[in-house]
Amino acid sequence: MAEALQERERRLIRGERLAAVGQLAAQVTHEIRNPLSSVALNVELLDDEIASASPEAQQLLRKITAEIDRLTAITEDYLGLARRKPPERVPTDLAAELHSLLDFMAEELGSAGVEVEVDAPGPRGCWATRASCGSCS
């Protein structure tokens, strides 16, 4: 039981760290996207101004635009990491979950002199997240 609690605590700490990294990525991405959008707009305006300029100037503007697009895609990827997806809910049998939990704890409960009597009618369905139930994984 103590080992399970330690594992749960490690997962919680890891989750908090990942959340902090995601939040930092979102903030940095936001700070990059604003000036990047401004640069992209100015490149478009410059392209309109020098439409009749040399082919070399046009090629240079296309390269700049391509790099802006690449950086925009990278920032979108970082934002995707930072956004938390809603947990997936799955149908779950509460009675089966209860029996699974009691089986898991049987040795510890027995050594503590605790007897558990279950008076649960047949299967009882509900929706649960995969992380919250043992048999959904």
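Colleague: Where does α3 bend?

Modeller: The bend is at M105, by about 60 degrees. The angle is taken between axes fitted to the seven residues ending there and the seven starting there. Helices (H or I, at least four residues) are DSSP runs, numbered from the N terminus. This is a predicted model, where local features need pLDDT of at least 70, side-chain atom pairs count only at pLDDT 80 or more, and totals for chains, interfaces and linings use all residues. Residues are numbered from 1 along each chain as its sequence is written, and side-chain values use heavy atoms, with hydrogens and water left out.

Colleague: Which residues of α3 are buried?

Modeller: A95, E97, L102, M105 and L109. Buried means under 20% relative accessible area, exposed over 50%, and partly exposed in between (1.4 Å probe, protein chains only).

Colleague: And just after α3, which residue has a positive phi?

Modeller: G113, with a phi of about 75 degrees.

Colleague: New topic. How many salt bridges are there?

Modeller: Four. A salt bridge here is a side-chain nitrogen of Lys or Arg within 4 Å of a carboxyl oxygen of Asp or Glu.

Colleague: Which residues are linked in a network?

Modeller: E7, R10 and R11. The closest N and O atoms of E7 and R10 are 2.9 Å apart, and R11 meets E7 at 3.4 Å, N to O. E7 and R10 both lie in helix α1 (residues 2-49), three residues apart, while R11 and E7 are four residues apart in α1.

Colleague: Is R11 buried or exposed?

Modeller: R11 counts as exposed, because its relative accessibility is 60%. E7 is partly exposed at 31%, and R10 is partly exposed at 46%.

Colleague: What does R70 pair with?

Modeller: R70 forms a salt bridge with E67, the closest N and O atoms being 3.0 Å apart. They are separated by about one helical turn because they sit three residues apart in helix α2 (residues 55-82).

Definitions and conventions
Helix = DSSP H or I, 4+ residues; strand = E, 2+ residues; numbered from the N terminus.
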